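Please read them with the coordinates open.

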Amino acid sequence: MMDKLLYLYLAGINAASFVMMGVDKRRARRGRWRIPEKALFAAALAGGSAGAVLGMQIFRHKTRHWYFVWGMPAILALQLVLFCRFAV
């Protein structure tokens, strides 16, 4: 039961991170209020790093900022290591 809840949570937070990247890109193009970078990183740290990295690539968003280019994949790698280590 807990495994299903974990997978459901991870699917949700990754979907949210992906959508956040798309919404922020759209707002950037239109010169509107933006999602704070701290919020984007918080969603990634909460387990949504795969969605954030995918959103960065698909929407071509935050790809000029070194801390996103290196930070998001680093968070993803760390989360994958932790997931593989403790999920087995």
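1. Tyrosine 67 is partly exposed, at 30% relative accessible area (buried is under 20%, exposed over 50%, partly exposed in between; 1.4 Å probe, protein chains only). Tryptophan 66 is exposed, at 63%.

2. This is a predicted model: local features need pLDDT of at least 70, side-chain atom pairs count only at pLDDT 80 or more, and totals for chains, interfaces and linings use all residues. Numbering runs from 1 along each chain as its sequence is written, and side-chain values use heavy atoms, without hydrogens and water.

3. The whole structure holds 5 aromatic pairs (ring centres of Phe, Tyr and Trp, the last by its six-membered ring, within 6.5 Å; planes under 30 degrees apart are stacked, over 60 edge-to-face, the rest tilted). Phenylalanine 41 and phenylalanine 68 make a tilted pair, 4.5 Å centre to centre with 35° between the planes. This pair joins helix H2 (residues 37-59) to helix H3 (residues 66-87) across 27 residues (helices are DSSP runs of H or I, at least four residues, numbered from the N terminus). Phenylalanine 41 is buried at 19%, and phenylalanine 68 is buried at 0%. The ring centres of tryptophan 66 and tyrosine 67 are 5.7 Å apart with planes at 85°, so that pair is edge-to-face. Ring pairs link Phe41, Trp66, Tyr67 and Phe68 into a cluster.

4. Asparagine 14, in helix H1, is buried at 17%. Its contacts (heavy atoms within 4.5 Å) include Gly47, Ser49 and Gly51, leaving aside residues up to four places away in sequence.

Terms used. Helix = DSSP H or I, 4+ residues; strand = E, 2+ residues; numbered from the N terminus.
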